Amino acid sequence: QKYRADYDALFPVPLDAALDAAAPDAARFPKQGRPKANAAAADGAWEQMTAGDRDIINTIMANIGKAIEAYERKLVSRNAPIDRYIAGDYSALSPAAKRGLRLFIGKAACVDCHSGPAFTDQKFHNTGVPQEGINLPRTDNGRFDDLARTLTNAFNGATKYSDDPASGMAKLAGLAVTDDLKGLFRTGMLRQIETTGPYMHTGSLATLEDVVQFYNWGGGTADFAGQKSPAMVPLLLTDEEQADLVAFLRSLTGDPPPAELGKDTANSEPFPFQ
């Protein structure tokens, strides 16, 4: 109710009147409810709603996700030293960062996966990251498990909650959950990498120096799902070369997004159910 006007201004189908706590039929929408964990579990508040009312809630959830994604797409950092260097300001990179750039696209071969404007090929690879760290599951199958969930997710790109189901269906077509997907994780972007530690999907590497050393060793040797990519071999970088590579990675950090995008715009009106 707090954001009814804002929601209705953004989306073509306004919120149902019964979502107002004061509405005569407000009981259609319980204060809390979620789908039951499995088919054998007892029906809860969610299952006791009509299919039409569940669809209303699902549409709201999908729209909230789209709004958050649209906001996140505005959080773009620009004017990093590497950007100025590419634009012709050859003093934007330190001598160490320039040497690191040569390693990045040469001997270290980082660019094989970290390519493009965001420094990611958007593909999935197994770099042999050991499943070590706090609050981690014993095994993480990566894309193997995630794709299985995606293909059956009621909110995936091919469903009615998508703005372009045909495009979503095309993206999902032909994808299958196969054993070779175990241990694969999407290549992370490197923009702002200096400020986004700890690193790797486990959060087990605290510093950029740790990350470069991990790749210099050719990745981990055990305690990860699937088969490590054959591209993960020791780089044989010297200590000085590793330091230069870190200097280059630090050059990928640019200006922060505009301050107005970080402004708290929350509605201070209390929730009606409190």
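Student: Which residues does L190 touch, not counting residues up to four places away in sequence?

Tutor: This is a predicted model, in which local features need pLDDT of at least 70, side-chain atom pairs count only at pLDDT 80 or more, and totals for chains, interfaces and linings use all residues. Residues are numbered from 1 along each chain as its sequence is written, and side-chain values use heavy atoms, with hydrogens and water left out. Contact means heavy atoms within 4.5 Å. With residues up to four places away in sequence set aside, L190 touches F104, H114, A118, F119, L249 and L252.

Student: Which residues of the largest nonpolar core touch the most other members?

Tutor: A nonpolar core is a set of buried Ala, Val, Leu, Ile, Met, Phe, Trp, Tyr and Cys residues joined through side-chain atoms within 4.5 Å. The largest one has 27 residues, and α5 (95–105), α8 and α9 each supply at least two residues of this core. The members that touch the most others are I82, F104, L190, L245, F248, L249 and L252.

Student: Is F248 buried or exposed?

Tutor: F248 is found in helix α9 (residues 239–250); helices are DSSP runs (H or I, at least four residues), numbered from the N terminus. Not counting residues up to four places away in sequence, F248 touches I82, A97, G100, L101 and F104. Buried means under 20% relative accessible area, exposed over 50%, and partly exposed in between (1.4 Å probe, protein chains only). The relative accessible area of F248 is 1%, so F248 is buried.

Student: Which helix do the buried residues of α8 pack against?

Tutor: The buried residues of α8 are L208, V211, V212, F214 and N216. They pack against α9.

Student: How far apart are the closest N and O atoms in the salt bridge of E209 with R250?

Tutor: A salt bridge is a side-chain nitrogen of Lys or Arg within 4 Å of a carboxyl oxygen of Asp or Glu. E209 in helix α8 (residues 208–216) and R250 in helix α9 are 41 residues apart, so the pair links distant parts of the chain. E209 is partly exposed at 40% relative accessibility, and R250 is partly exposed at 33%. Their closest N and O atoms are separated by 2.9 Å.

Student: Why are D146 and R149 separated by about one helical turn?

Tutor: The side chains of D146 and R149 meet in a salt bridge of 2.6 Å, N to O. An α-helix has 3.6 residues a turn, so residues three or four places apart point the same way. D146 and R149 are separated by about one helical turn because, in helix α6 (residues 143–152), their spacing is 3 residues.

Student: What is the length of the polar contact that joins the side chains of D53 and R28?

Tutor: D53 lies in helix α3 (residues 51–72) and is buried, with a relative accessible area of 8%. A polar contact is a pair of N or O atoms within 3.5 Å; within protein, one must be able to donate a hydrogen and the other to accept it, and residues adjacent in sequence count only if both atoms are side-chain atoms. Leaving aside neighbours within four places in sequence, D53 is in contact with R28 and F29. The polar contact between the side chains of D53 and R28 is 2.7 Å.
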